[in-house]
Amino acid sequence: MNDIKAVVLAQEYIKAHHTDMGFSVENVCSAVGYSRRQLDRLFQKHMKITLCEYINAVVLSESAKKLLDTENSVIDVALDSHYQSHEGYTRSFVK
């Protein structure tokens, strides 16, 4: 598999599964068939961000949509987005 295909496959997996209970970076790597280090390098090369930064961007983007489209409280959206606390979610959102 070439580099760009691996990145696209990882992006698709992240978008489809980031809300799953057992979601992790290791799951993404397994789905693509690359080690974490290799996949991180590919994301840096082609996306100019790390794999974790990309995952956080997807999670925060989706949670922002939830905040706009639903009546859920910030803490509910934060917990649904796999954050441990309102503070951690807010810090990530501000960053």
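Visitor: Which residue does Asp-3 form a salt bridge with?
Guide: Lys-45. This is a predicted model, and in it the closest N and O atoms of that pair are 3.3 Å apart.
Visitor: What does the pair tie together?
Guide: Asp-3 sits in helix α1, residues 3-17, and Lys-45 in helix α3, residues 36-47. The bridge therefore ties together parts that are 42 residues apart in sequence.
Visitor: How many salt bridges does the structure hold?
Guide: Three.
Visitor: OK, Arg-36 next. Which side chain does Arg-36 meet in a salt bridge?
Guide: Glu-26, at 3.6 Å from N to O. Arg-36 is in helix α3, while Glu-26 is in helix α2, residues 25-32. They are 10 residues apart, and the pair links distant parts of the chain.
Visitor: And what is the relative accessible area of Arg-36?
Guide: Arg-36 is at 40%, partly exposed. Glu-26 is partly exposed too, at 46%.
Visitor: Switching to helix α4. Where do Glu-62 and Lys-65 lie?
Guide: Both lie in helix α4, residues 51-69. Three residues separate them in position, about one turn of the helix.
Visitor: What is the relative accessibility of Glu-62?
Guide: Glu-62 has 32% and counts as partly exposed.

How values were computed. Residues numbered from 1 in each chain as written. Predicted model: local features only at pLDDT ≥ 70, side-chain atom pairs only at ≥ 80, totals over all residues. Heavy atoms only, no water. Salt bridge = Lys/Arg side-chain N within 4 Å of Asp/Glu carboxyl O. Helix = DSSP H or I, 4+ residues; strand = E, 2+ residues; numbered from the N terminus. Buried < 20%, exposed > 50% of the residue type's maximum accessible area, 1.4 Å probe, protein only.
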